[in-house]
Amino acid sequence: DDGREEEKETMIMLAARMFLERLEPPKSSDYDPPSHGAESDVDDKLNAVRDLSYLLLLPPRSSSSSSQWKFSSNVARVTPAFFSELSSSMARVHEEAVSSDEKSLASAIRKFSSSLARTLEPVTAAIVNRVESREVDTTLLWEAYVVDILRHLSPTLGSSPQGMHGRASTAYLSSLAADGGLMTLKKVLEGCYPRFLGVLSLLDRNDGNVAADNNASKQKTRDEEKMTAAMRGIAALVSSCRVALQSWQGDNPGVQVHPHPLSHYLSSTIQKITLILKEDEDGNGPLSMAAIAALESVLTSADMSCLEEKDLVSLGKSFSFISRVVLGEEEETVDDKSDNLDEWKTACARVIGAVIALGLCQEKEDDDALTESCKRMKTLATSLLPEILASATSPPKDSSKSNSIRYEWAVLAGACANGTSRVSQKIVSELISGIIAALRSSQADQGAPAMVLAYLIRRGGPNVSVAFHGMSPPEPTPFDIINEMCKPLQLGSSEEKMDSEGNMVGRQLQVGMSLLQLPASRAKDEKVANDAIKRAKSILPFLVPAYERSSAASSCGGLAQFVDQILPPLSEWDEVKLCIAFPLLAAVLNSLNESWGTLDSATLKILRSMITDLAQFSISSDHDAHARSAAASCLFSVLYHSGQDDDCDEDVSNFRKLLEDVVHPVLTNAISHLKGEVNDAATSRASSSLLQTPETLRSSFSQVEDIISFLGLLGSAAACKGGPLSPTADKVASFLIELSCTGASQFPFTEATLELVTPSDQGRKHPLLDPASHAYILPASAFGGIISVQNGGPFWRQRMTHKTLPILSNALQLQAKSQNPPSLGTLAVVCHMICCLPGSILGESNIQQILPTMVAGLVYFSKNFKALAQSEMISSKPTDVLSIILAALTKILTISPEYVTKLIGVIIPSLLLLSSSTESSGMYIPKQLLVFQCLETIAKHTQARNSILREKDQVVAVLSALVDHPSMIIRNAVVQVRNVWYILA
């Protein structure tokens, strides 16, 4: 009414004041914060920040944390005075959050303030105005929100940056500079940077002075604290500048900011940093650590193309000293075990990595077009890189520190992460050459260069894997590594296998009397091939990570063609090649789960053509186990992904062909052979009091297990793919369930019925020592493998459960009439279902029907623990069943303990029997830990409190006897569980 429109309280301002009152309640306010503890108070403040964000900003379109909040017209309804008040409140609440270590609240405030500052910038508002055809001048609002608080906080940075107020102000203002827009960045740099440099002027006063008394020494310590805080503040501002410029250039592609915001402060900063490093070369003080961190920020953020001569000289001396630290040439003056030494060397490694990244970025530029500082950086980088690579690919100088940090690796990772793709290409090319050279040498450790490559794949950023798979001749390529691993360890030992160019000749069938191999020479050739496989297995773990990246899709075609040419293998050296190529191809195919469509049609055709050969290779026991596993993984990927846009009949035909022509005949023969071995073992045991199991029986078990597991793989691929293949998956699952529960079932798509050996009456009473009973576990394990796969849609498990539960229910009803322990096959199926399927799929009634079988199995195993140990002579499958029983019990006790309330009195004594073993074998320790986990969970079961209290004394007594167990892991677990039971009342 009085004409002062700018002083009116709008509804936006009133709402904002309500949210501010929740953030910073005034002392005279009647606001009552939540009374549910400190966490509730923090959550309420976080909600208040969120409410302010929605009031004054527009939310981002995506929910990612990097998305920016947008300009809202609501800010035009708020006065500058209120924005000044809001900014002050945010700074105070931020400082309180920092001092109380409420990181989430402090982060939320910084994000809100920087987003608001960014939207209030006149440039941002002008862009929005042009789009929406309206006029909103936000200059005064931006000045009120940014300039006023900067004027208030910045004096502290020049007087006491080391205090809580100074550190909180540094973090708040650095966040504004990083995400508040270009104008905010320049304003914060202008207000804060000179004050930090002013604090560092204490270096000039302390230079050359030695403390004469105790007071002078204390003053010097205080000065160092101030300078350390100031140097860390500079590092924060420089890093904020990098973030701000990257964001600005992302919004304005192709446009550079000139002059660089840091150009005015660069020379002074470099002189201060190099002076600190010169005076404190031990690197064990916080000031030198802050200086080295600031130097890394300067190298990665500032424009280093226009340095003065004095700055270049100072940097050259510092870089020389830092490189000696990284390479271990500088004498260490601190304890090797000190964390300060590792932190200092790691920081130095990051600096050298930034130097190499900066210098190699200019490697292919014309020297005449480079400034003097760029030439110096280029020369320094090209001289440092060979030294770093040579040290990185060599064994550690101190063999007693085999697990110590390799700082040279950190240098290379930093160079790749901070540099352009050209830097990664240079380093990766050198590493590939180093790997090839190591393979050609006779040195004992040939995997050092490959270890460096694996480290860079994990830590060097995405450019490393892109460079690795993008190499092309005449540069060394990944296929050169593969070809080199396919050669004998010593080229002279197999000259008959090499052509004139040094390549292996494995596919050409050579004939003639002179080429016949005598047994001795054949054995020698096999030994050379086995040595090559052994070497390859030591190198492959470091190459596989490079093929697990999405960029490996470009290598898929070449690998598929390589495998297709030598599958099926015709010689020992074809086996060598497949042992090398299959793990790499499997890694590539597994990495393409979300981008299978990026493969070209030629590659897809090759992969589909290999389906039968892959199956035959995977199922044959004549090949290397690791190569077979990798081939099976390749087959699963091909079956699951290929043909999604093709005729579905072809998919069904492929699966039927694999089942009928590949799996069925091999499985029939394997089961027949297993029957003979089981009968022979039964005959030998009848005539001998000792339990003796021949190796042939174990081999037969292993062969049947591999084939049935492969059948499960086909079933899981069909189930995950779904559609017309769902009936195929149902047939496979039903076959496995029926075979494990009854011992006989009709093989899918055939009229043949496969039968396992029927256990004798004695075998049914004591299945742990009966080889025939062990065979029933194999199909149950394959079924568990099917339902544990995570691929596919959301309903295939529900369908498969619906199809297989009736078979299991019928078997349980028949076995319930017997007084014998539960069949090991049925018991394994029950536990696999409980472990792998959600309760919503199984249903409450079905769970209650199958739980008694699980508990009966637990009781049987606990009472026959010695027989369990003896069963290892036959196979390890019963021990695996015990693990599944305990895992299933753990799940039930954790998720639905009410299902076993009435059985607690039976479960606890069984767990105590299983836990009381003093067996220190590493194989049994995981099972004991599961037992202790079950006991601890049971103690928290409130619905069975009476039964639990009745067993308390017995549980505590048994656990007390285990506190001297040989394993420290077991001792710790025993003490924890015993304490839980002690306090029960």
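What share of the 985 residues of the protein counts as buried? The figure is 50%. Keep in mind that this is a predicted model.

**Whole chain**

Start with a cartoon view. The protein has 43 helices and four strands.

**Aromatic pairs**

Show the aromatic side chains next. Across the whole structure, a search finds 10 aromatic pairs. Select phenylalanine 83 and tyrosine 145. Their ring centres are 6.2 Å apart and the planes meet at 90°, so this pair is edge-to-face. Colour the helices: phenylalanine 83 belongs to H3 (residues 80-99) and tyrosine 145 to H6 (residues 139-159), so the pair ties together parts 62 residues apart in sequence. Phenylalanine 83 is buried, at a relative accessible area of 0%. Tyrosine 145 also counts as buried, at 0% relative accessibility.

Move on to phenylalanine 468 and tyrosine 547. Here the ring centres lie 5.8 Å apart and the planes are at 85°, so this pair is edge-to-face. It links distant parts of the chain: phenylalanine 468 sits in helix H19 (residues 462-470), tyrosine 547 in helix H21 (residues 519-547), and 79 residues separate them. Both phenylalanine 468 and tyrosine 547 are buried.

One more ring to visit. Select phenylalanine 749 and lysine 731. Lysine 731 lies over the ring face, 5.6 Å from the ring centre.

**Alanine 454**

Go to helix H18 (residues 448-459) and pick alanine 454. Alanine 454 is buried, with a relative accessible area of 2%.

**Serine 175**

Select helix H7 (residues 164-179) and find serine 175. Serine 175 counts as buried at 13% relative accessibility, because the limit is 20%. Follow the side chain of serine 175: it reaches the backbone oxygen of arginine 110 at 3.4 Å. Leaving out residues up to four places away in sequence, serine 175 touches Arg110, Ser114 and Gly180.

Now jump to H43 (residues 968-982). A side-chain oxygen of serine 967 comes within 3.4 Å of the backbone nitrogen of isoleucine 969.

Show the buried side chains of H43: Ile970, Ala973, Val974, Val977, Arg978, Val980 and Trp981. Turn the view to look down the axis of H43. The buried residues fall within an arc of 155°, so they line one face of the helix. What covers the buried residues of H43? The cover includes helices H39 (904-915), H40 (925-939), H41 (945-950) and H42 (952-960).

Finish on H42. Select its buried residues: Lys952, Val955, Val956, Val958 and Leu959. Again look down the axis. These residues cover an arc of only 165°, which puts them on the same side of H42. Display the neighbours as well. The buried residues of H42 pack against H39, H40, H41 and H43.

Terms used. Residues numbered from 1 in each chain as written. Predicted model: local features only at pLDDT ≥ 70, side-chain atom pairs only at ≥ 80, totals over all residues. Heavy atoms only, no water. Phe/Tyr/Trp six-rings, centres within 6.5 Å; stacked < 30°, edge-to-face > 60°. Helix = DSSP H or I, 4+ residues; strand = E, 2+ residues; numbered from the N terminus. Buried < 20%, exposed > 50% of the residue type's maximum accessible area, 1.4 Å probe, protein only. Lys NZ or Arg CZ within 6 Å of the ring centre and 35° of its normal. Arc of directions from axis to C-beta. Contact = heavy atoms within 4.5 Å. Polar contact = N/O pair within 3.5 Å; in protein donor to acceptor, adjacent residues only side chain to side chain.
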